[in-house]
Every structure is written in structure tokens, then in C-alpha cells.
Amino acid sequence: MTGPRWLRGLRARLLVAFVLVTMVGAGMAAWSGARSASEALVTSSEQRFTETVTGRVEAVAPELTYPPDRDALDRLRAAVGPDTLVTYRSLRSADGPTAGLVTAEVRTAVNADGRLVTQRIRTDGRTRLLVGMPVLFTAQDGTRTPSGIEVYAVRDLDGIERQIDDLTGSAARTAALALPLAALLALLAARSVLRPVRELRDTARNLANGDLDARSPRVGADELAQLSVTVNEMAESLQQSMNTMARMQADARRFAADVSHELRTPLSTLTAVVEVLATTADHQPDPDAQESAQLAIDETHRLVRLVEDLMEVSRFDAGTARLRMEDVDLAAAVHDCLRARGWLGRVAVVAPEQIHLRVDRRRVDVVMANLVGNALRHGAPPVRVHLATHSGHVTATVTDAGPGLPADVLPHVFHRFYKADTARSRTPGSGLGLAIALENARLHGGDLTAGPAAEGGACFVLTLPRDREEP
């Protein structure tokens, strides 16, 4: 969302919108009220002035002689007011400021219609009201006809305009005074609206952090209350699903651990029998018998390794796997690992003379044996192990020159029981080696990653922290 940073919050937007609506409403109401008051004030002033002029003309008109002379026109002008012009055909009273304001249009309207005419005139930065009216002659029979005498009176409206300006200013001040009240009401409204939203946000955050008992209180019966009910129902359903999943996972881990444990005793017996069978297999005269014996020996060893891997995985899942930390020279430990498995002549090791750190030697041996064994079985020579020290950690990189890891295999390479080539389902590995290696690396506080090597082939990098005490 674009715009000022302070406007991105819902509270700020509600506050601004509420204040704007309030101010626009107050401004329109004040403007409308001031305009109505101004119109009423001007209309009332015009009406009073018109009535005054009419009354004075009617008071003097019966005393006039017809046709009037110049003195009669001047008397009528004096009776109405100094800002007055009285005309009778081509004859007019003494000129005053009114003479220049009477236009031909106004005189035509007075003569043609024989009625009172008013007009506002703006000259020299001032507003004036011009009133033009005919003087009516009353006959003996009571009828009234225009006498031909016309009266034009002018009144200055500057005082009225000042009153209008005062009304407008008062309306603007009233609208401005509504601003703090509008802000206060907006804050109260935003608080009442956003409180349920904040509670929903906190509930969602607690659910995301693993607190499946988090719930939102329902207040009222509006849409937010209905949303709270929906969120609570979702949380309840999620909690039940997670509890069911946890029970299923616990049952699966317990089943694997129990099966592995129960298999140890018969496997120990079977191993002893296989050892006896291995010593006598070479003396069997029948080649088929020798092949069957060797197959039984290989499959028994494979089964023993699988059970050992399952027991190790069950310890990781149950959280009972523990480290036995000791001071280890990593370079020497890697050489011992390769020597014990007869791989020294097949693997090149590049390492400083000594790399001291505290690790569980047995678990590091398991990780390195798995990585090097995979490189020898599935890769191609040369296979290299490169040890390096860094600030705060040590890396052991195992590379080969084989076909490498395909892009679709790379995301699953550490998954349990995953094999890139499903046709090799009878390979000596169980599909748990890399998963166990990753768990051992993480148990040390390190990591194990896989990717393509720079010269082709696969590359596995084991990262171990330095100076780590036993957790």
C-alpha cells in the first residue's frame, strides 16, 4: 500500500476519515446556516428600506400639485432622503449621488410596469440597494394611476455586508471548534472498533506461536462478534486436529520404538546363528547352498542395520537422543572413520593438521561414514573430504565426480526412506542414513546441506559449531 507511513494503520485511517466527515459536515452546516442568515438579513434590510421609502412617498404625495414643478420634486426628495432622485418626465430634482446609479433599464421597468423595482449595485468596491417606484395619483373616485413622478432611493449595504462577514467568520470558528470534538469522537469510535480486531490479531498470533488454547472473547452481536465466533471454531477444530495428529505421531513413534526393541533379542540370536552359518558356508560343497547361505547372511546384516537405524530415529523423535561431548581432533576422527572402513586409499582428505572442537565422536563418525559411503556407492572417483575452519564453526565438505543430484531429488534427499532411484530398492542402505546424519548435525547445533559440486557431482557440507558444550 502506498501513501504516508502513518496513514497505513487502520486506526489512523479511521481517525482521518471520521474527522474529515465531521469537518465537512460541520463546514457545510455552518456555510448553509451562514448563507441562510445572510439572505434573511439582506432581504429583511431591503424590505425595511422599501417600506420606509414607500411610506415617506405616500405621506408626501397627497400634498403635491400636478403637474409638479422643480420645487415640488425637491420637497419630495427632501422628505424621502438625501440619497434620492425624483424625476417627472424631463424634469428632475437636484442631482445627488443617486443620479449616476439610475440606469435606463431601471427607468424603463418603473415606467412600463408601474411597480416598485429593487436592484443591488456594486460600484467602487461598495454594494448599494437601489429602489425605484412610481408615485400614484389618487382620483376622486378612489382609483390610483401613475402620476408620472418617479422616485429613486439608494441605501448603502456595507453595514449589512459587515454583518454577513461576521456571520461567516462565526460559522468558520464554530466549524473549527468541532475539530477537537471530532478527533475525540474518532478516537473513541476507533478504539471501540479496533479493540475486537486487536483481540482477533492476538488470538491469531498466539495460534501461530503454538498456543492452541487461545480464544477471542465474543462481545456484542455484530459482524466482528460473528468473526470471533468463527475464529474460535477454527481454533477448536485446529486444536482437535493437532491433538489427533500428535496422538498418531506418538503412537507411530512408540510403535517403531517398541518394534525395534522387540526385534533386538531375536536379531541377536539370528546374528549369532548367521555367524555360525558364515563360518560353515565356505565348506559347503553345493554352490546353491553356499549362495543361499550368503544371501541369508547379507539380508540378516541388512535387517540388523535397519533395526538399529529405526531405534536411532525413534530416539530422535522421542527427544531422548543425547550427546556425549569430548575434545576431538576432527581431522584425526575423519581419518579413523575412513581407516576403520577401509576407505583411506579411495578417499582424498584435505585438512589442516589439527582441528580441535567438542563433539560427540560416535555421532560425527556416523555422519561422515554415511556421507563418504554414499559418495563411493552412488558417485564416482575422485571422492574428496575437505575440512576447513571458519569464525565460530567448522565445515566438512564431501564431494564426488558422479552424476550429482537431480533438481527433483535435491528437496527430498534428507527425507526418511527416500531413494532417488526406485529401481535400487534392494540396495544395502535403508533410506534413513541421510535423515539420521541431518539429525545428528542439528543435535550438535550445526547443519547438513546438499547441492551440486563445482566440478560436477554431489556436494554435502557438514557444519559444526566450535566450543559448544553439551546441552
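How many bridges join β1 to strand β5 (residues 144-156)? There are 5 of them, and β1 and β5 run antiparallel.

## The model and its confidence

This is a predicted model, in which local features need pLDDT of at least 70 and side-chain atom pairs count only at pLDDT 80 or more, while totals for chains, interfaces and linings use all residues. Residues are numbered from 1 along each chain as its sequence is written, and side-chain values use heavy atoms, with hydrogens and water left out.

The pLDDT, which is the predictor's confidence in each residue on a scale from 0 to 100, averages 78 over the protein chain, and 81% of the residues score at least 70. Confidence in the chain is lowest in helix α1 (residues 10-60), with a mean of 72, and highest in strand β12 (residues 458-465), at 94. Helices (H or I, at least four residues) and strands (E, at least two) are DSSP runs, numbered from the N terminus.

Strand β1 covers residues 84-88, and because 5 of its 5 residues are buried, it is largely enclosed by the rest of the structure. Here buried means under 20% relative accessible area, exposed means over 50%, and partly exposed lies in between (1.4 Å probe, protein chains only). Thr84, Val86 and Tyr88 point one way from β1, whereas Leu85 and Thr87 point the other way, and all are buried.

Two strands count as paired if DSSP finds at least two bridges between them. Tyr88 has Ile149 as its bridge partner in β5 and Leu91 as its bridge partner in β2. Strand β2 (residues 91-92) runs antiparallel to β1 and is joined to it by 2 bridges; in the hairpin of these two strands, which has 2 residues between the strands, Arg89 takes a positive phi near 55 degrees.

Strands of a sheet pair through backbone hydrogen bonds, either parallel or antiparallel. In this structure, 5 strands form an open sheet with mixed pairing, in the order β7-β9-β10-β12-β11. Its edge strands, each of which pairs on one side only, are β7 (347-350) and β11 (447-452).

Within this sheet, strand β10 (residues 393-399) pairs with β12 in the antiparallel sense over 7 bridges, and Thr397 has Val461 as its bridge partner in β12.

## A residue of helix α4

Leu185 is placed in helix α4 (residues 158-208). Leu185 counts as partly exposed because its relative accessibility is 40%.
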